[in-house]
Amino acid sequence: MKLTFFSTQTYDKTFFEEHNKSFGFAIEFFEVALSESTANLIDKSDAICVFVNDRITLAVIKLLAAKGVKVIALRCAGFNNVDLMAAVQYNIRVVRVPAYSPHAVAEHAAAMIMTLNRKTHKAYNRIREQNFSLSGLMGFDLFGKTIGVIGTGNIGMVFCKIMLGFGCRVVAYDIKKEDSMIEAGVIYVPLDELLSASDIVSLHCPLNKETHYLINQDTIGMMKNGAMLINTSRGGLIDTKKVIKALKSGKLGALGIDVYEQEETLFFQNLSEHIIADDVISRLISFPNVLITSHQGFFTKEAMDQIASTTLANLKAFESGAILVNEVKISK
Ligand code: NAI
């Protein structure tokens with residue numbers, strides 16, 4: 001089987017080449033993202049492997065079908081960037097890695113909270129300049145605070161347990177409740193109640209039509225004054241311009257984002273010699289109480305091993321006509 005790889009980073013190549021030793025696929029790696037203009041790079045291929053910021057639109061799927069592609073392997077959990085209807089129309093199957101390391105993302109969300117709260121990033125820089133002052137570094141005890149978790153799937157559940165471990169009161173909102181979370185002490189509440197009760201709100205639901213701009217002017221208005229918002233899920237869950245307005249007014253006390261609405265033009269690249277044209281991200285970067293990481297929540301050794309092995313196993317299952325346990329299907 002020939003596999004064409006898009007948005008390749010050095011670490012992708014390292015992990016996939018290592019795991020491919022036991023699969024033996026012919027892999028061609030491209031650094032560029034998949035788009036209408038780059039699909040032509042494919043020199044006949046049975047499969048493509050893509051990541052979060054490759055846009056697999058109807059037009060791209062048409063081109064893929066013409067190149068002989070029969071399966072799209074997402075090396076990530078989210079699939080909001082694939083036109084699933086178009087894939088069905090062109091008889092192309094879509095597989096993903098539903099869970100690689102929920103711990104990686106949940107722990108990153110916790111790290112963002114700890115950084116924003118205890119300002120360790122500022123302390124690190126200060127000490128290097130022999131500035132031993134504590135002024136401006138005061139945080140708050142997490143113990144006893146209320147954490148609102150939106151989405152208690154694989155990642156949200158691990159995150160809830162971490163926060164319970166800190167001695168927090170954890171309230172959650174999801175379209176379906178998890179019994180194991182209720183047993184662990186998580187309290188499910190309606191969304192408006194979660195927003196008004198929480199000192200910290202963390203998003204762990206997928207991006208879809210229902211959740212697009214879940215955090216908007218109205219929902220921000222329901223939040224506690226000075227609350228912290230954490231988004232390690234997908235950028236489109238929050239209306240960034242409205243969030244900036246809330247940061248300016250002090251309504252939001254802190255923001256931690258590992259994902260951003262327009263991240264495909266920025267993230268995973270070194271743009272240090274470039275002028276950033278995106279004024280929204282530039283404004284966000286200017287706030288002292290905003291922490292941005294460039295979609296690194298997943299990025300642990302354990303997760304990369306799991307991503308490579310599951311992606312290649314998904315393709316092996318397709319090749320051998322086995323049941324595709326990780327197939328993405330249109331929900332009815
Ligand atoms: P999951 O599918 O296990 O859990 C998602 C949960 O959200 C489910 O419990 C579902 O019922 C709930 N949900 C769906 N619609 C909802 C709605 N309208 N309101 C409230 N809850 C809703 O997914 P998992 O593995 O926990 O991942 C969550 C998200 O994290 C992914 O969709 C992806 O966007 C993001 N992610 C981010 C990564 C990063 O590196 N920052 C890496 C991996 C995933």
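These legends describe close-up views of one predicted model.

Local features need pLDDT of at least 70 and side-chain atom pairs count only at pLDDT 80 or more, while totals for chains, interfaces and linings use all residues. Residues are numbered from 1 along each chain as its sequence is written, and side-chain values use heavy atoms, with hydrogens and water left out.

**View 1. An open sheet of seven strands.** The strand order is S8-S7-S6-S9-S10-S11-S12, and the pairing is parallel. Strands (E, at least two residues) and helices (H or I, at least four) are DSSP runs, numbered from the N terminus. Two strands pair if DSSP finds at least two bridges between them. S8 (187-188) and S12 (290-292) stand at the edges. Each has a single partner strand, so one side of each is left without a neighbour in the sheet.

**View 2. Strands S10 and S11, with helix H4.** S10 (residues 227-231) and S11 (residues 252-257) pair in the parallel sense over five bridges. Ala227 has Leu252 in S11 as its bridge partner. Helix H4 (residues 102-118) packs on the sheet. H4 touches S9 (200-203), S10, S11 and S12; contact means heavy atoms within 4.5 Å. The direction of H4 makes about 145° with that of S10. Axes are lines fitted to C-alpha atoms, for helices over the stretch in contact, and angles run from 0 to 180 degrees between N-to-C directions.

View 3. H6 (residues 154-165) lies across S6 (146-150), S7 (169-173) and S9. H6 runs at about 175° to S6.

**View 4. Cysteines without disulfides.** A search of the whole structure finds zero disulfides, defined as pairs of cysteine sulfur atoms within 2.5 Å. The sulfur of Cys76 is 8.6 Å from the closest cysteine sulfur, in Cys49, too far for a bond. For Cys160, the closest cysteine sulfur is 11 Å away, in Cys168, again too far for a bond. Cys76 counts as buried at 1% relative accessibility, and Cys160 at 0%. Buried means under 20% relative accessible area, exposed over 50%, partly exposed in between (1.4 Å probe, protein chains only).

**View 5. His295 and its contacts.** His295 lies in the loop between S12 and helix H12 (301-319). His295 counts as buried, at 7% relative accessibility. Leaving aside neighbours within four places in sequence, its contacts include Val52, Arg234, Asp258 and Phe268.

**View 6. Backbone atoms at the ligand.** A backbone N or O atom of Thr232 lies 2.9 Å from a ligand nitrogen atom. Backbone N or O atoms also lie by ligand oxygen atoms: 3.3 Å for Gly153 and 3.0 Å for Phe298.

Terms used: Polar contact = N/O pair within 3.5 Å; in protein donor to acceptor, adjacent residues only side chain to side chain.
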